Amino acid sequence: MIHKYKLSGHNIVLDVNSGGVHIVDDLTFDLLDIVQPPFEEKCPADVIDKLSGKYDKDEIVECYEEIVSLYNDKILFSEDDYEKFALTSVASPVKAMCLHVSHDCNLRCKYCFASTGDYKEGRMLMSLETGKKAIDFLIEHSADRKFLELDFFGGEPTLNFDVVKKIVEYGRSREAEANKKFRFTITTNGVLLDDDMIEFINKEMNNVVLSIDGRKEVNDRLRVRVDGSGSYDRILPNFKKLVDARGNDKDWYVRGTYTKYNLDFSNDVMHLYEQGFDQISVEPVMADPEMPYAITQEDLPRIFDEYDALMEKITKVRENGGFINFFHFMLDLDQGPCAIKRLRGCGCGNEYVAIAPNGDIYPCHQFVGNEEYKMGSLNDNTFDMEMKKVFASAHVYSKPECKKCWAKFYCSGGCNANNYIYAGDIHNAYKLSCEIQKKRLECAILMKALSMMDTAE
């Protein structure tokens, strides 16, 4: 399988199974529309006839021979070597956890998938006892995994920060005897950040996710406080202070959401960069299409143009000696993720679980509160291994639309939660999300390929 497209004056051909990327001339691009395996030894006469009005006959023959050579070298139209990994797919140890220390929030973001923080279950905070049980659960179910990941999430986790600190302390106290190492993360809206919190976060958290949507007018339209006022002026200085004090040895990024209200979101990315942030993620809202801020199919052409614009802006910044790490343009064309990661993505419900404040276990943070997908409870030591197997077997070859899609090894079947919420089943592809993802990948592939060419020169 190959995928070919034109972007920014370039002809790009992706060999899906090998991951090989080729930037080709017009003749090669057009020839690949009409030839595919099995190849004849000599260029067929009808192929020459179809292209002879546009290209020289000898050039067509030479180009055909080059394509056949690439095929023989397994660089083009390569065989799929990944399905065998899917067929032997088994449940894995749990290595990551989203710990909901707070089902409360001091913002009332209008697009919040978590029903402004309480997940429709009532506002509550996690107790230290439940937090300790979560640490114990992760250690117990991680088998021989040494490095374990735990994300403090909400709601807003800083509303329960004393418990966060004590859970970290407990986790650290168990590392040596359990032969584990915790990598903690916290996701925060920044409203309550103070010097003591920043010091603790920068000491203990391997990663920090800072939620802000971009320009003040964009952020304050939807990311509002309980009283309806905006949050931008409060959180921006706090985020700058945290990042300035964080140093270069630990990860962080600012994470925003774009909606129908700011389809010019490349300007929000650039605004965040101008404010001193070079680690940036701005993602599309996923929402009921009836909501006024929801993105719908009619918005896709505008969104695609905006990703093109963002690609050009980031390229220009880099050409001028600057740097922006836009997360959805990150791509490794050399190695990439391991085979299983390519097939199953985030590991939702298998390698990754979410824990609600009351100790209930779910496949991920977006399933929290959905009784159909409750996997068990820390309070009675239950854990549904059969449901875990269902998620372990949810991969690109068990999802009909994904199996035939060129982007499957990059998106890994998409978000299981979004597939369930908006397409009715974790095995169904949510088409709107798919189209946006494929556009981002096309931009990312070209940017990475051109960067590698520049490095080689």
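Visitor: What makes Leu99, Phe152, Met205, Phe326, Phe329 and Phe367 stand out in the largest nonpolar core?

Guide: In this predicted model, that core has 120 residues, and these six touch the most other members. Helix α17 (residues 431-456) gives the largest share of the core, eight residues. A second, separate core of 21 residues includes Ile48, Ile60, Leu76 and Phe77.

Visitor: Which residues is Phe329 in contact with, leaving aside its neighbours within four places in sequence?

Guide: The partners are Tyr307, Leu310, Met311, Ile314, Arg440, Cys443, Ala444 and Met447. Phe329 also belongs to one aromatic cluster, together with Tyr258, Phe265, Tyr307 and Phe326.

Visitor: How many aromatic pairs does the structure hold?

Guide: There are 21 aromatic pairs.

Visitor: Why is the pair of Phe113 and Tyr119 called edge-to-face?

Guide: Let's take the two values in turn. The ring centres are 5.9 Å apart, and rings pair if their centres lie within 6.5 Å. The planes stand at 85°, and planes over 60 degrees apart count as edge-to-face. The pair is therefore edge-to-face.

Visitor: How do you know whether Phe113 and Tyr119 are buried or partly exposed?

Guide: Buried means under 20% relative accessible area, exposed over 50%, and partly exposed in between. Phe113 has 42% relative accessibility, so Phe113 counts as partly exposed. Tyr119 has a relative accessible area of 6%, so Tyr119 is buried.

Visitor: And what makes Trp252 and Phe277 an edge-to-face pair?

Guide: Their rings are 6.1 Å centre to centre, with 70° between the planes. Both values meet the cut-offs, which are within 6.5 Å for the centres and over 60 degrees for the planes.

Visitor: What lines the second largest pocket?

Guide: This pocket has a volume of about 270 Å³. Of its 12 lining residues, Thr315, Glu319, Met447, Leu450 and Ser451 are the closest to the centre. Helices α11 (300-319) and α17 each supply at least two residues of the lining. By type, the lining divides into four nonpolar, four polar and four charged residues.

Terms used: Residues numbered from 1 in each chain as written. Predicted model: local features only at pLDDT ≥ 70, side-chain atom pairs only at ≥ 80, totals over all residues. Heavy atoms only, no water. Core = buried A, V, L, I, M, F, W, Y, C linked by side-chain atoms within 4.5 Å. Buried < 20%, exposed > 50% of the residue type's maximum accessible area, 1.4 Å probe, protein only. Helix = DSSP H or I, 4+ residues; strand = E, 2+ residues; numbered from the N terminus. Contact = heavy atoms within 4.5 Å. 1 Å grid on protein atoms, 1.4 Å probe; cavity = no way out; pocket = protein on both sides within 12 Å on 5 of 7 lines; lining within 4 Å. Points joined across faces, edges and corners; volume = space filled by probe spheres on them. Nonpolar A, V, L, I, M, F, W, Y, C, P; charged D, E, K, R; others polar. Phe/Tyr/Trp six-rings, centres within 6.5 Å; stacked < 30°, edge-to-face > 60°.
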